[in-house]
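Q: I would like to learn to read packing features from a model. Can we go through them one at a time?

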Amino acid sequence: MSTLYLDFGNTRVKCFWRQQFIALDYAELEPWLRESACRRELERVVLASVLSEPEVRRWADDLRQWLAVPVLRCVVTREALGVRCAYADVGRLGIDRWLAVLAAWSRTGGACVVADLGTAATVDLVDQSGCHLGGYIISGLELAVRGLLAGTANIRPDREGFADANPQPGTSTAQAIYHGALASVVALIHSCQEQLLKSDPATKLIITGGDAALVAPHLRCHHEQVQELVFEGMALLEQAGLLVNA
């Protein structure tokens, strides 16, 4: 028997089962579940979600109906797995950020910077005692370019523009835009790393997310790239018995 992990984002749902990853549009989830081999072997579903509470309950009810297994949920708490949340209202911290922080802390056991580079780029800091210090949220690479180019006619957003991008000054308008988006993300990560290095020279950097591979070559500090960091955090909460019924 096994667990299916589902990460419900704003536009897509990411699925992780037995080391296999797939990202689906919401309309594709039910057909995929009905056809997938995982349906016959599931013991439970564990989900994380940025959706509203009514939407989460609706999806949880649908999953129980489709799969006939318990559906459990990851939530942010004041403390978990040795990490203390910085937010006064823990419910305001995005669950993906919390899960990435928990997984990074489990890997490092000390001060760390955690960068999740997707539609939004989030960077969180954890000190050597396991205290989450808070973090930053900025537009991810593609979102930054699309926002800047909205309404313009001469340059169209194209993800391929990042293929040859680097943090150096651009020598064309298109280069300046793509290089600028990349440079802003790289600079934020470096700044956070430098903040923690002042108090702990052993600070580690872990990056994850869809844009991690684009950003990684331009980081001047040692780092570890862990693609499924959020799912790793979900599994840790499951193993610790810290899930709630969805």
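Q: How do the axes of helix 3 and helix 7 cross?
A: A word on the source: this is a predicted model, where local features need pLDDT of at least 70, side-chain atom pairs count only at pLDDT 80 or more, and totals for chains, interfaces and linings use all residues. Residues are numbered from 1 along each chain as its sequence is written, and side-chain values use heavy atoms, with hydrogens and water left out. Helices (H or I, at least four residues) and strands (E, at least two) are DSSP runs, numbered from the N terminus. Axes are lines fitted to C-alpha atoms, for helices over the stretch in contact, and angles run from 0 to 180 degrees between N-to-C directions. Here, helix 3 (residues 95–108) and helix 7 (residues 229–239) have axes that come within 7 Å and cross at roughly 80 degrees.

Q: How is that angle put into words?
A: Angles under 35 degrees count as roughly parallel, over 145 as roughly antiparallel, 65 to 115 as roughly perpendicular and the rest as oblique. Helix 3 is therefore roughly perpendicular to helix 7.

Q: Which residues of helix 3 and helix 7 meet?
A: Contact means heavy atoms within 4.5 Å. Helix 3 brings Asp96, Leu99, Ala100, Leu102, Ala103, Ala104, Ser106 and Arg107. Helix 7 brings Leu229, Val230, Glu232, Gly233, Met234, Leu236 and Leu237. For classes, Ala, Val, Leu, Ile, Met, Phe, Trp, Tyr, Cys and Pro count as nonpolar, Asp, Glu, Lys and Arg as charged, and the others, Gly among them, as polar. This contact has 10 nonpolar, two polar and three charged residues.

Q: How many residues of helix 7 are buried?
A: Buried means under 20% relative accessible area, exposed over 50%, partly exposed in between (1.4 Å probe, protein chains only). Nine of the 11 residues of helix 7 are buried, so helix 7 is largely enclosed by the rest of the structure. Among them are Phe231, Ala235 and Glu238. Just after helix 7, glycine 241 has a positive phi of about 70 degrees.

Q: Are helix 1 and helix 2 roughly parallel or roughly perpendicular?
A: Apply the angle classes again. The axes of helix 1 (residues 26–35) and helix 2 (residues 53–67) come within 10 Å and cross at roughly 20 degrees. The two are therefore roughly parallel. On the helix 1 side, the contact uses Tyr26, Leu29, Glu30, Leu33 and Arg34. On the helix 2 side, it uses Trp59, Leu63, Trp66 and Leu67. By class, that contact has seven nonpolar, no polar and two charged residues.

Q: Why do residues three or four places apart point the same way in an α-helix?
A: An α-helix has 3.6 residues a turn, so residues at that spacing point the same way.

Q: How many aromatic pairs does a search of the whole structure find?
A: Rings of Phe, Tyr and Trp (its six-membered ring) pair if their centres lie within 6.5 Å; planes under 30 degrees apart count as stacked, over 60 as edge-to-face and the rest as tilted. The search finds seven aromatic pairs. One of them joins tyrosine 26 and tryptophan 59: it is tilted, at 5.4 Å centre to centre and 40 degrees between the planes. Tyrosine 26 in helix 1 and tryptophan 59 in helix 2 are 33 residues apart. Both are buried.

Q: Why is the pair of phenylalanine 162 and tyrosine 178 edge-to-face?
A: The ring centres of phenylalanine 162 and tyrosine 178 are 4.9 Å apart and the planes stand at 85 degrees, so the pair is edge-to-face. Phenylalanine 162 sits in the loop between helix 4 (141–149) and helix 5 (173–197), and tyrosine 178 in helix 5. Phenylalanine 162 is buried at 5% relative accessible area. Tyrosine 178 is buried, also with a value of 5%.

Q: Which residues do ring pairs link into a cluster?
A: The cluster holds Phe8, Tyr26, Trp59 and Trp66.

Q: What is the phi of alanine 68?
A: Alanine 68 has a phi near 55 degrees, a positive value in a residue other than glycine. Alanine 68 lies in the loop between helix 2 and strand 5 (71–73). At 68% relative accessibility, alanine 68 is exposed.

Q: Where is leucine 81?
A: Leucine 81 lies in the loop between strand 6 (79–80) and strand 7 (83–84). The phi of leucine 81 is near 55 degrees. Leucine 81 is partly exposed, with a relative accessible area of 33%.
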